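I opened a new notebook page for this model.

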2 protein chains.
Amino acid sequence: MDVTEDELIHAIRRVLSGAGPDVIVPVGDDAAVVRPGSGDLVLTTDALVEGSHFVRANTTARDLGAKAIAVNVSDVAAMAGSPRYALCALTLSGEVDAAWVMELFGGMREACDGYACTLVGGNLARGPEVTIVVTVTGEVAPGRAVTRGGARVGDRIVVTGELGTAAAGHRIKRAGRRWDQADLDAIRRADRPQARVGEAQIVARHGVTAMIDVSDGLSLDLSRLCGASGVGAKVRIHALPGGPRALPEEVLGGGEDYELLATMPSTDAVEAARGELEEAFGVPLADVGAIVDGEGLTAVDPHGRERPLPVTGWDHFG
Amino acid sequence: MDVTEDELIHAIRRVLSGAGPDVIVPVGDDAAVVRPGSGDLVLTTDALVEGSHFVRANTTARDLGAKAIAVNVSDVAAMAGSPRYALCALTLSGEVDAAWVMELFGGMREACDGYACTLVGGNLARGPEVTIVVTVTGEVAPGRAVTRGGARVGDRIVVTGELGTAAAGHRIKRAGRRWDQADLDAIRRADRPQARVGEAQIVARHGVTAMIDVSDGLSLDLSRLCGASGVGAKVRIHALPGGPRALPEEVLGGGEDYELLATMPSTDAVEAARGELEEAFGVPLADVGAIVDGEGLTAVDPHGRERPLPVTGWDHFG
């Protein structure tokens with residue numbers, strides 16, 4: 001690194017200046033101090049590790065910073081919470097310079113601004129690879145957090161937006177051919193994932209029983225929701241909202257879409273949430289199946305034929 | 001890794017079971033949800049990176065887990081806060097197995113229990129080295145957080161406990177000779193640092209003006225406090241509370257002691273805090289100098305002679 005730790009922190013503080021009045025002690029002290037709201041606190045942390053989650057040559061520091069924020073905000077959204085504050089523990093290798101780090105913080109700042117979230121602190125360390133660990137604290141009305149564990153037999157299963165697009169974007173980018181607009185949209189989706197904060201709150205207002213964000217692939221995340229709820233699921237495969245460039249295996253097992261997967265008590269509730277989502281965000285809500293007794297996932301084809309749905313997706317140790 | 005991510009999370013949940021009634025959603029969902037207290041929120045994050053902060057062969061997973069918690073709790077303590085909740089984002093290499101990870105979480109649980117703090121969530125990722133990033137949220141009475149920036153000319157400078165012991169412990173351990181009790185105490189201090197939570201609150205009650213924890217060495221941390229406060233400091237070198245095994249350079253520049261370095265408005269305040277600290281924790285409080293106009297650190301010897309005090313200590317990028 002071409003600067004000292006204290007010089008880098010000083011430069012970072014300039015990028016992050018302008019924190020609101022609820023930030024009592026911002027970046028630069030032993031800890032940040034903020035004034036909490038009246039809700040319950042939502043706490044989550046997620047890492048982007050060089051070599052596992054990204055290759056430095058294939059991403060800009062700015063996109064990477066924005067993504068590190070978005071993946072955490074998505075977890076807060078999946079609890080029906082609103083993000084409030086972020087911390088970033090950064091491990092830097094000798095391969096990156098101060099300009100790269102400033103771009104990274106610029107991307108974090110940009111994403112935070114988009115989610116009305118404030119980056120209030122962090123830590124810098126040295127290591128063999130770049131690792132970006134962000135923690136986001138959020139807020140949810142007391143007792144109104146939505147877990148993975150509340151799905152009940154008979155519930156409808158819904159998914160926002162489209163699936164497989166981020167995986168398709170990564171694939172298309174690697175292939176490196178000439179791109180059309182749908183290709184570019186998919187690549188953009190892979191590079192700059194968006195968390196569904198407002199969307200989650202609309203779904204939550206319509207009687208949602210369980211919710212999770214699709215970070216590791218639909219089948220894996222649905223199996224987690226079902227496992228936590230002690231139920232099984234029947235998935236209408238043809239109803240899954242695959243993106244225009246997504247292959248079938250990317251729709252079922254592609255990670256990083258950060259769409260919401262939720263269960264709702266009735267088709268009326270789904271209809272009502274769908275209308276509101278469409279109006280507020282232009283985001284579709286697909287009814288993709290039903291929660292059933294038992295365990296495991298079953299795929300149902302358009303002719304009503306059933307087969308076990310294998311769980312595929314991103315397992316960090318598989 | 002010999003298990004899947006979901007199996008590992010399941011095992012970790014067993015180690016972490018028994019969260020209190022203020023934990024609404026514990027480990028295992030998209031995010032944790034907790035009920036906050038009535039104070040301001042204190043937020044901090046710190047990393048232990050293999051190769052930079054530890055060598056796996058020289059530490060037990062249990063000590064490492066406890067240390068990852070302690071270093072963060074120490075930052076909360078330095079704001080005069082009480083730790084409440086911890087998150088851990090863990091990057092695991094192929095070199096560690098599930099038993100090592102369980103020991104690590106055992107150590108985190110042990111340390112959390114000692115600080116009345118609850119580990120409520122985290123994240124698992126793969127990487128070339130083990131990285132342990134802990135985030136702790138704490139609480140402090142509204143408006144009562146103590147920053148580095150409040151020292152005023154004429155304030156006394158105080159230090160709790162003893163300095164240089166952790167650095168001495170690391171040195172003694174590396175040397176590998178036969179150890180006496182003081183050696184073992186120093187090694188213990190290096191392996192299992194203790195955060196001064198209750199001590200910080202006593203110091204804070206006696207009119208503290210600024211506070212920082214000594215994580216990177218007395219001279220570096222004092223220069224940070226002075227820089228944030230816009231003042232200089234005169235340090236009575238002979239008054240620095242060096243540990244029985246600490247070399248002079250370890251007393252001034254050895255990191256990881258996690259003692260408190262604070263400024264107080266008068267010798268009366270120091271006396272009062274000292275009495276209470278001694279009674280409550282058996283921890284000494286040394287008066288090591290005074291805040292002065294200007295900038296930089298000055299060393300004062302027993303004969304009153306002054307010389308500039310060079311800033312030594314742990315700079316992660318120096």
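These are my entries, in the order in which I looked things up.

**Ground rules.** I noted that this is a predicted model, where local features need pLDDT of at least 70, side-chain atom pairs count only at pLDDT 80 or more, and totals for chains, interfaces and linings use all residues. Residues are numbered from 1 along each chain as its sequence is written, while chains are lettered from A and ligands numbered from 1 in the order in which they are written.

**Confidence.** I checked pLDDT, the predictor's confidence in each residue, from 0 to 100. Chain A averages 94, and 98% of its residues score at least 70. For the complex I read an ipTM of 0.91 and a pTM of 0.94.

**Where the chains meet.** I counted two residues as in contact if their C-beta atoms, placed from the backbone, lie within 7 Å. Chain A gives 58 residues to the contact, and chain B gives 58 residues. On the side of chain A that touches chain B, the largest share is nine residues from strand β3 (residues 40-49) of chain A. That side of chain A holds 30 nonpolar, 16 polar and twelve charged residues. Here Ala, Val, Leu, Ile, Met, Phe, Trp, Tyr, Cys and Pro are nonpolar, Asp, Glu, Lys and Arg are charged, and the others, Gly among them, are polar.

**Strands across the contact.** My strands (E, at least two residues) and helices (H or I, at least four residues) are DSSP runs, numbered from the N terminus. Two strands pair if DSSP finds at least two bridges between them. I found β3(A) antiparallel to strand β2 (residues 32-34) of chain B, with three bridges. There L43(A) has A32(B) as its bridge partner. I then looked at strand β2 (residues 32-34) of chain A, which is joined to β3(B) by three antiparallel bridges. In that pair, A32(A) is partnered by L43(B).

**β3 of chain B.** Is this strand mostly covered or mostly open? Nine of the ten residues of β3(B) (residues 40-49) are buried, meaning that 20 or more other C-beta atoms, placed from the backbone, lie within 10 Å of the residue's own. β3(B) also pairs antiparallel with strand β6 (residues 131-140) of chain B, over ten bridges. I saw L48(B) opposite I132(B) in β6(B).

**Two domains in chain A.** The domain assignment, automatic or from a database, gives domain 1 (5-140) and domain 2 (156-308). Their centres, taken over C-alpha atoms, are 27 Å apart. Domain 1 puts 15 residues into the contact and domain 2 puts in 16 residues. On the domain 1 side, α2(A) gives the most, with ten residues. The residues on that side are nine nonpolar, three polar and three charged.

**A sheet in chain B.** I traced an open sheet of seven strands with mixed pairing, in the order β8-β10-β7-β11-β9-β12-β13. β8(B) runs antiparallel to strand β10 (residues 259-264) of chain B, with five bridges. In this pair D213(B) stands opposite L260(B). Helix α6 (residues 197-205) of chain B packs on the sheet and touches β7, β8 and β10. The direction of α6(B) makes about 5 degrees with that of β10(B), with axes fitted to C-alpha atoms, for helices over the stretch in contact, and angles from 0 to 180 degrees between N-to-C directions.

Definitions and conventions. A residue is buried if 20 or more other C-beta atoms lie within 10 Å of its own, exposed if 12 or fewer, and partly exposed in between; C-beta atoms are placed from the backbone.
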